[in-house]
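Subject: Structure for your review

Hello,

Here is the structure you were waiting for. My notes on what turned up in it follow below.

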Amino acid sequence: MAPVAVVGKEEDASNTPHDMIFPTSDGFVTVGAISDKEWVGLCKAMYRPDLIKNPRFATPSQREINRQERLELIEEVVSTRATAELLASLEAYDVPCAPVLRRHQLFDDPQVLHNEVVEVVDQQGLGPVRQACGAAKFSNHVPRPITQAPALGEHTEAVLQELGFSMAERAKAE
């Protein structure tokens, strides 16, 4: 998002490599080590404390200048570790991280379940259908309930009436 965040100063992000998704020995993780504290934690979690004081990575700006080398080093280490073990290590050092899940894994993910991000609604003609909910929850705001999609033509009359079509024109549209 960074290359397009500042309105009027957007950059071409089409060739930007993913800076935060890495393969593990059994899946993928996302890791975000932006601050110096996070970088130190990442280095410790990767068992590479030698990288903490390395001048190529000593500051956020140096880590960005040496981005490709940094990413390759992280991937080299992370790719040898199992996802669950790596995440536990990263979390122990307060490094922002999460597993990258396949779609079918979402429904059993503890955070997805806790945040109630997926609801099941009964869709006429299909039966139970999963729908994504807004992830943000606020104490003083009750979100609209998710309802089934309308049937084909279910709102045609109301829409034509709202657009100002006469009764005769609406009858002709049927």
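**The second largest pocket**

Glu 116, Glu 119, Cys 133, Gly 134, Ala 136, Lys 137, Phe 138, His 141, Pro 143, Arg 144, Pro 145 and Ile 146 line the second largest pocket. A pocket here is an open set of points on a 1 Å grid over the protein atoms alone, where a 1.4 Å probe fits, with protein on both sides within 12 Å along at least five of seven lines; a lining residue has an atom within 4 Å of a point.

Please keep in mind that this is a predicted model: local features need pLDDT of at least 70, side-chain atom pairs count only at pLDDT 80 or more, and totals for chains, interfaces and linings use all residues. Residues are numbered from 1 along each chain as its sequence is written, and side-chain values use heavy atoms, with hydrogens and water left out.

The volume of this pocket is about 250 Å³, taken as the space filled by probe spheres set on the points, with grid points joined across faces, edges and corners. Its lining consists of 6 nonpolar, 2 polar and 4 charged residues.

Glu 119 lies in strand β4 (residues 118–123); strands (E, at least two residues) and helices (H or I, at least four) are DSSP runs numbered from the N terminus. Glu 119 is partly exposed at 34% relative accessible area, whereas Cys 133 is buried at 15%. The cut-offs are under 20% for buried, over 50% for exposed and in between for partly exposed (1.4 Å probe, protein chains only). Glu 119 and Cys 133 are 14 residues apart along the chain, and their C-alpha atoms are separated by 6.8 Å.

**Salt bridges**

The whole structure has 6 salt bridges, each a side-chain nitrogen of Lys or Arg within 4 Å of a carboxyl oxygen of Asp or Glu. One of them joins Asp 94 and Lys 37 at 4.0 Å, N to O. Asp 94 is in the loop between α5 (83–92) and β3 (97–99) and Lys 37 is in helix α2 (residues 36–45), so this pair ties together parts 57 residues apart in sequence. Both residues, Asp 94 and Lys 37, are exposed.

Another joins Arg 56 and Glu 69 at 1.9 Å, N to O. Arg 56 is in the loop between α2 and α3 (60–65) and Glu 69 in helix α4 (residues 67–78), 13 residues apart. Arg 56 is partly exposed at 30% relative accessibility, and Glu 69 is also partly exposed, at 32%.

Glu 85 and Arg 81 also form a salt bridge, at 2.7 Å, N to O. Here Glu 85 is partly exposed at 35%, but Arg 81 is buried at 7%.

**Aromatic pair and cysteines**

The structure holds 1 aromatic pair, meaning rings of Phe, Tyr or Trp (its six-membered ring) with centres within 6.5 Å; planes under 30 degrees apart are stacked, over 60 edge-to-face and the rest tilted. Trp 39 and Phe 57 make up this tilted pair, 5.7 Å centre to centre with 45 degrees between the planes. Trp 39 is buried at 3% and Phe 57 at 0%.

There are 0 disulfides, counted as cysteine sulfur pairs within 2.5 Å. Cys 97 is in none, and the nearest cysteine sulfur, that of Cys 43, is 15 Å away.

Regards

Technical notes:
Ala, Val, Leu, Ile, Met, Phe, Trp, Tyr, Cys and Pro count as nonpolar, Asp, Glu, Lys and Arg as charged, and the others, Gly among them, as polar.
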